[in-house]
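I shall speak about a sheet and then about a pocket.

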Amino acid sequence: MNLEKILAISGKPGLYSLKVQTRTGFVAESFIDGKRITVGLRSNVSLLSEVSMYTTSDEKPLAEVMRNIAKKENNGPTPAFKDDKAQLSAYFLQILPDYDQERVYASDIKKVLNWYNILQARGLVSSEESATTEEKSEKVVSTEAKPAKAPKTVAPKNAGMAAAKKAPAQKATKSTKK
């Protein structure tokens, strides 16, 4: 699941896809109705790839929480919860058993479930870990295993020409006729 270019804009409902950056902000397309909007630099915008949930030990990235929801729901939509905080907490405990119940509010859980349903309707949610995350972890392992090589020193191709160009050229003189 790639959350790199998916945005949540404060004051705007739903999620948005980052389309184009401009010098005064960016253009985003809504996942709900497909409309494009211009967002200024002063707007409060969150990239979903940077969002995480509080747990008792550390913070879990939102992509991992979404994968847990997808596993529980077999890549289907989540059930609709009204305003029952006990049901939301019980459901979220199944998804993320060690989430911090003092710092994660019912409104946060509703927002995550709503985001999941929007992404699931677009087919952007999967219960498997994305290939890019696996490739990155393989690259880190492979670069650490290789010994460091000494940099090669190579003379420039036109090294002889540079010396010839630096030599002062003789001035051409005009012959004068009297």
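Predicted model: local features only at pLDDT ≥ 70, side-chain atom pairs only at ≥ 80, totals over all residues.

Let me begin with the first pairing. Strands S1 and S2, the latter covering residues 16-22, pair in the antiparallel sense over two bridges. Residues are numbered from 1 along each chain as its sequence is written, and side-chain values use heavy atoms, with hydrogens and water left out.

Two terms need their cut-offs. Strands (E, at least two residues) and helices (H or I, at least four) are DSSP runs numbered from the N terminus. Two strands are said to pair if DSSP finds at least two bridges between them.

Is S1 buried or exposed on its faces? Both faces of S1, residues 6-9, are covered: Ile 6 and Ala 8 are buried on one side, Leu 7 and Ile 9 on the other. Buried means under 20% relative accessible area, with a 1.4 Å probe and protein chains only.

Turning to the whole sheet, five strands form an open arrangement in the order S4-S3-S2-S1-S5, with antiparallel pairing. S4 (36-40) and S5 are the edge strands, each pairing on one side only. Neighbouring strands are turned by 45 degrees against each other on average, direction ignored; the axes are lines fitted to C-alpha atoms, with angles from 0 to 180 degrees between N-to-C directions. S3, residues 25-30, pairs with S4 over five antiparallel bridges, and Phe 26 has Val 39 as its partner in S4.

I come now to the largest pocket, which is lined by 19 residues; nearest its centre lie Ala 8, Val 51, Asp 108, Lys 111 and Trp 115. A pocket is an open set of points on a 1 Å grid where a 1.4 Å probe fits, with protein on both sides within 12 Å along at least five of seven lines; lining residues have an atom within 4 Å of a point. Helix H3 gives the most to this lining, with five residues.

Terms used
Buried < 20%, exposed > 50% of the residue type's maximum accessible area, 1.4 Å probe, protein only.
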